Amino acid sequence: MAQTAMVRKPGWLNYWGWGSGDMLGAGAQAVITGWLFYFFTTFCSLTAVEAGLILGLPRLLEAITCPLIGYISDNLRHTWVGRKIGRRKIFLLITIPLLPSFALIFVTGQTFWYYLITFIFFEFLYTMFLIPWETLAAEMTKDYKEKAKFAGARMIIAQSSAILASYLPKFIIDNFGGANSANTFLIMAAIFGVLFSLVVILVVIFSWERPYTEEEKRVKPQPLDATTALMIPFNMFRDLFSTLKLRAFRQHLSIYLGGYLSQDIFNTAFPIFVATVLAAGTVFTKSETTTLISGMMTLMYIAQLVSVMIAIQVVIKTGPTLAYRIAISFVAASLILFLTFYLTSPAGFASGLNGINGDLFSAFSQSNLGVIFWLFVPIILAGLGRGTLNFVPWSVYNYLPDIDEAVTGQRREGIFAGVMTLVRKVAQSGAIVVTGWIINQGGYVPQPKDQAQLVQQSPEAIHTIVLLLIGGPILVMVLGMLISWRFGLNVRSHTVLVHEVERLRAGETEPESPENKAIVEDLTGFKYEHLWGRKPTKR
């Protein structure tokens, strides 16, 4: 419902109620990336190319739907729907009864077009939820510390759901028919679909939209006529590109892409690294290698969860830049250890690894400190860094609409969420395609599906994989750090910014002090006299 002008203070129910939305975000993606390709090629008689097209084509459509939903939700504020229901919550309410359609993707015996359409439909629902949901934390508070707590709650739930998603599908499969029964995938998807709807209900109950000011209340609701509708695409892309004029947003994107692209490259190359380097010289079967990879990834997710809890306090006290630098140092240390393993081939490691049959935690029963060190220390360091890399960008996002308001005099949470999600999806697709192409060019030989033992790769292929795993993440993380080196957002600068925005809203045209002026101009990239929509000339 539309809110009054009274300021509401979020409590722990609001932090966790809103943050539970990432159970849908992380949970859905964990099931999709973990099981869908396998399901299509194993139970639906689809080729690998067809399965790849189904998973890839919706990303192209999201180049339009992500910013479009953000733009429309921003501009529903002065409409009847926006005032009576909510410009964000109207989208959430629409998705609640439709999210169980997730199960339709896992119906066997259908055609390529059936799976493509059902997957596109779910991805559209996913975007319809994700963009408006992401804006709500920025709308519920202007306080720097409270914004960080919202981002922290979100990331803790995201990391927890990733851990759960790695075990829950296997549990369901083991208890409802076995891995070779297609019906268990349908049961799994149905359970997740209902869970998604319940999560959105929690978000609706425990979150609220930005209250109307007295001035906004006097604006009469505007009907959507044909002329306005025709101008939506033009206005949307105008707003889309206008976000890049904001200096803080450009710097933020470098942190965002540096952190997330490094993880995309790592996620693609790491399983192959385990199979070809860590497990080299063992007699592991494919299933034992897969079990080892799964165990190491789960351990990394647990470390990411711990990292997020620590990162919340670091961002609150010092700001996002220091947290980002600490995070990349942990990831870099992890990668250097993996490189050291490759270069030194520690004696006795392969024989010690043979004794655990792929069960990661069985390493402790072997009393082989070398095996324990190389299996646990690098991946834990990677998790400690990656958790913070996940947290920092979405923590910063909550402050961007405040900076943008100083320039435009408008609140545009939706368009920023749309741009971030759009950039993320396009960059992720590119990173995965390029990583796969490099691995293929290095001479990597795919594993035959009817052979239990792993194929021995050539030295050139292994060298390419190692170079990619180590060099790729470090390169993009360092580039992100250099571009964002002078990123000036922290608790003090944000407090000054919010204070100056309130003065601008009250009609002031001059800064309260030269120091305040310098801070606001540094964050926005605009001269003070051009703020609040006054001749927005870029500084």
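Aromatic pairs turn up 20 times in this structure, which is a predicted model. One of them brings Tyr15 together with Phe150 in an edge-to-face arrangement, with 4.7 Å from centre to centre and 65° between the planes. Tyr15 sits in helix H1 (residues 12-19) and Phe150 in helix H7 (residues 144-175), so this pair ties together parts of the protein that are 135 residues apart in sequence.

On to the helix packing. Helix H13 (residues 320-344) and helix H15 (residues 369-397) have axes that come within 8 Å and cross at roughly 155°. Angles over 145 degrees count as roughly antiparallel, and H13 is therefore roughly antiparallel to H15. The crossing of these two helices is left-handed. Sorted by class, their contact takes in 22 nonpolar residues, along with four polar and one charged.

Helix H19 (residues 491-505) packs against helix H16 (residues 400-408) at an angle of about 35°, and the two axes are 10 Å apart. This crossing, too, is left-handed. From H16, the contact uses Asp402, Ile403, Glu405 and Ala406, while H19 brings His494, Leu497, Val498, Val501, Leu504 and Arg505.

On the H19 side, the contact is made by Arg492, Ser493, Val496, Leu497, His499 and Glu500. On the H20 side, the residues are Glu515, Asn516, Ile519, Val520 and Leu523. By class, the contact of H19 with H20 splits into five nonpolar, three polar and three charged residues. Leu497 of H19 is listed in the contact with H16 and again in the one with H20.

Confidence is highest in H13, at a mean of 94, the helix that runs roughly antiparallel to H15. At the other end of the scale is helix H9 (residues 214-217), where confidence is lowest, at a mean of 69. Over residues 1-5 the pLDDT is below 50, and this stretch has 17 contacts in the model beyond its near neighbours in sequence.

Conventions
Residues are numbered from 1 along each chain as its sequence is written. This is a predicted model: local features need pLDDT of at least 70, side-chain atom pairs count only at pLDDT 80 or more; totals for chains, interfaces and linings use all residues. Side-chain values use heavy atoms; hydrogens and water are left out. Axes are lines fitted to C-alpha atoms, for helices over the stretch in contact, and angles run from 0 to 180 degrees between N-to-C directions. Helices (H or I, at least four residues) and strands (E, at least two) are DSSP runs, numbered from the N terminus. Angles under 35 degrees count as roughly parallel, over 145 as roughly antiparallel, 65 to 115 as roughly perpendicular and the rest as oblique. A crossing is left-handed if the near helix is turned anticlockwise from the far one by less than a right angle, and right-handed if clockwise. Ala, Val, Leu, Ile, Met, Phe, Trp, Tyr, Cys and Pro count as nonpolar, Asp, Glu, Lys and Arg as charged, and the others, Gly among them, as polar. pLDDT is the predictor's confidence in each residue, from 0 to 100. Contact means heavy atoms within 4.5 Å. Rings of Phe, Tyr and Trp (its six-membered ring) pair if their centres lie within 6.5 Å; planes under 30 degrees apart count as stacked, over 60 as edge-to-face and the rest as tilted.
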